[in-house]
Amino acid sequence: MADSLSPQCHSNDYQNKFDVSKYLASYYSEVTPNYVFYIRGLVRVLKEKCGSLHRTGGKALEFGGGPSLWPSFLLSQYVDSIQFCDYTGANLQAVQAWLDHSSNAHDWTTFFHYLLKENQTSESELSNWENRLRTVLSNCSLSRCDANDPKCPILSGPAAEYDIIVTCECLDVACQTRDAYKEAVKRLVRLLKPGGLLVLIAATNCSFYMVGSERFTGLPLNEQIIREALHEAEIHPHQINIESEKIGEGEDPFADYSGGMIVSAIKSN
Ligand SMILES: C[S@@+](CC[C@H](N)C(=O)[O-])C[C@H]1O[C@@H](n2cnc3c(N)ncnc32)[C@H](O)[C@@H]1O
């Protein structure tokens, strides 16, 4: 990747340069083809691996959730508590605003309706599902995390804490090298209970994305790198499933991905 960009173009300064309102407006106003793929994938994986009933007392982690609530909207149907975390304080504030019914909170209705439809759940369930999401998220406090910090309180938490861990388009932008990515995957796997489910949702081959005029760099990922990372985290190859789709290759001026991947992995007992 070229390193001759201006500092503004190469900062990855999420605390100061990540404009959460612009991010939500750019990426979460409508359900674009990459989210169609991601949502379908997460619905399918959770139904397949976790059954239709939620596990009483189950706990999930959404790592690097940003200001986005769609994965937790689904997860909240399977577990009783979700530890939601992100690196950027403003993102957690945006999630808190939604939990508090604040007038400036992002309106997730379009995404939530789409998720209900994809899950073959009646639209009339919307408010029940929203209430459930608020309850389940409120059972843990929203937390800061840092995929690169050896002392990150979330990643250094007790082993075997979670039944399900989901991370969407986070590690691929938080980690700038393959070694850093592999280390973060290993640390997430440590947090899973034996038999627990890890879901990695990632853009394929994405080296940058834009939020307004700010450019954020990432680690271009492919299936092979992800399989290597999971192998090094001692996930058995038979317990890994990767679904890939080519989406919008070269068509998006705001990011250079060539597709998306839904990765599911079960930790051995
Ligand atoms: C492309 S956004 C994805 C957010 C959300 N998961 C989604 O799907 O919309 C990348 C996220 O990674 C987070 N992030 C950046 N650096 C990080 C780090 N070192 N550790 C954890 N998360 C990080 C950002 O705060 C941001 O929320």
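## Two loop residues

Which loop holds His101? In this predicted model, His101 lies in the loop that runs between α5 (89-99) and α6 (109-118). Have a look at its backbone: phi is positive there, about 60°, although His101 is not a glycine. With a relative accessibility of 58%, His101 counts as exposed, because the cut-off for that class is over 50%.

You will find Glu169 in the loop between β4 (162-168) and α8 (171-174). Is Glu169 buried, partly exposed or exposed? Its relative accessible area is 23%, so Glu169 is partly exposed.

## The ligand and its pocket

Now to the ligand, which takes up the space of the largest pocket. Around the ligand there are 21 residues, and those that come nearest are Tyr23, Tyr28, Asp86, Thr88 and Cys168. By residue type, the shell around the ligand has eleven nonpolar, seven polar and three charged members.

Which side chains have polar atoms placed by an oxygen atom of the ligand? Tyr23 has a polar side-chain atom 2.5 Å from a ligand oxygen, and for Tyr28 the distance from an oxygen atom of the ligand is 2.6 Å.

How values were computed:
Residues numbered from 1 in each chain as written. Predicted model: local features only at pLDDT ≥ 70, side-chain atom pairs only at ≥ 80, totals over all residues. Heavy atoms only, no water. Helix = DSSP H or I, 4+ residues; strand = E, 2+ residues; numbered from the N terminus. Buried < 20%, exposed > 50% of the residue type's maximum accessible area, 1.4 Å probe, protein only. Near = heavy atom within 4 Å. Polar contact = N/O pair within 3.5 Å; in protein donor to acceptor, adjacent residues only side chain to side chain. 1 Å grid on protein atoms, 1.4 Å probe; cavity = no way out; pocket = protein on both sides within 12 Å on 5 of 7 lines; lining within 4 Å. Sits in = over half its atoms within 2 Å of the grid points. Nonpolar A, V, L, I, M, F, W, Y, C, P; charged D, E, K, R; others polar.
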